[in-house]
Amino acid sequence: MEAAPWLRAGEKHSQSDIYTVLSCYLYRLSPSVMEKILVLLLVALAVVYAVPDPRGIIIHLEDGELCLNSVQCKSKCCHRATGLSLARCAPKASENSECSAKTLYGVYYKCPCERGLTCEGDKSIVGSITNTNFGVCHDAGRSKK
């Protein structure tokens, strides 16, 4: 197959010129060669999509992104301000900040404490069911001294 005379190296060509030439070449290929090209393209696409995105679409979400459960967030806190608001990933509570104890629901009105801190406050059964068992983050090592 020789190159089309209107497509010369070093010249600019429109997409329609390139598509025309490609379709002419592909039209001349046998079905078995077309199948091999199709399989090669599908494998290439599978490899491209198999590479994990560090940002994430469903997991490893950054603070401020919408979430359904805390396991989706990098910070491990899916926070909502009110019962009707959308939940978003938020940083964990720092020392002397309001916090919630771990919950079964995975969505918090107040985020749990950062590592090394404990949430001291209401830990009643009613509070855990209604998600109102808020407390304050304290450093466990400092409070014992």
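This is a predicted model: local features need pLDDT of at least 70, side-chain atom pairs count only at pLDDT 80 or more; totals for chains, interfaces and linings use all residues.
A salt bridge here is a side-chain nitrogen of Lys or Arg within 4 Å of a carboxyl oxygen of Asp or Glu, and by this rule the count comes to two. Residues are numbered from 1 along each chain as its sequence is written, and side-chain values use heavy atoms, with hydrogens and water left out.

**Salt bridges**

- Side chains of opposite charge can pair when their charged atoms come close.
- E62 pairs with K74 in a salt bridge whose closest N and O atoms are 2.6 Å apart. Helices (H or I, at least four residues) and strands (E, at least two) are DSSP runs, numbered from the N terminus.
- E62 is partly exposed, with a relative accessible area of 36%, and K74 is partly exposed at 44%. On this scale buried means under 20% relative accessible area, exposed over 50%, and partly exposed in between (1.4 Å probe, protein chains only).
- E98 forms a salt bridge with K110, with 3.0 Å between the closest N and O atoms. This pair links strand β3 (residues 98–100), which holds E98, to the loop between β3 and β4, which holds K110, 12 residues apart.
- E98 is partly exposed at 47% relative accessible area, and K110 is partly exposed at 27%.

**The sheet**

- Three strands make an open sheet in the order β3-β5-β4, with antiparallel pairing; two strands pair if DSSP finds at least two bridges between them. The edge strands, β3 and β4, each pair on one side only.
- From one strand to the next, the twist averages 55 degrees. Axes are lines fitted to C-alpha atoms, for helices over the stretch in contact, and angles run from 0 to 180 degrees between N-to-C directions.
- β3 and strand β5 (residues 134–139) run antiparallel and are joined by three bridges. C99 stands opposite G135 in β5.

**C119 in β4**

- Strand β4 (residues 117–121) contains C119, which counts as buried at 12% relative accessibility.
- Beyond its neighbours within four places in sequence, C119 is in contact (heavy atoms within 4.5 Å) with C99, S100, A101, C113, G135 and V136. V136 is 17 residues from C119 in sequence, yet their C-alpha atoms are 5.4 Å apart.

**Nonpolar cores**

- A nonpolar core is a set of buried Ala, Val, Leu, Ile, Met, Phe, Trp, Tyr and Cys residues joined through side-chain atoms within 4.5 Å.
- The largest core has seven residues: L61, C67, C73, C78, A87, C89 and V107. Apart from neighbours within four places in sequence, C73 is in contact with L61, C67, C78 and C89.
- A second, separate core has six residues, among them A93, C99, C113 and L117.

**S75 in the loop**

- S75 lies in the loop between α2 and β1 and counts as buried at 16% relative accessibility.
- A polar atom of the S75 side chain lies 2.5 Å from the backbone oxygen of A90.
- Not counting residues up to four places away in sequence, S75 touches D63, A90, P91 and K92.

How values were computed:
A polar contact is a pair of N or O atoms within 3.5 Å; within protein, one must be able to donate a hydrogen and the other to accept it, and residues adjacent in sequence count only if both atoms are side-chain atoms.
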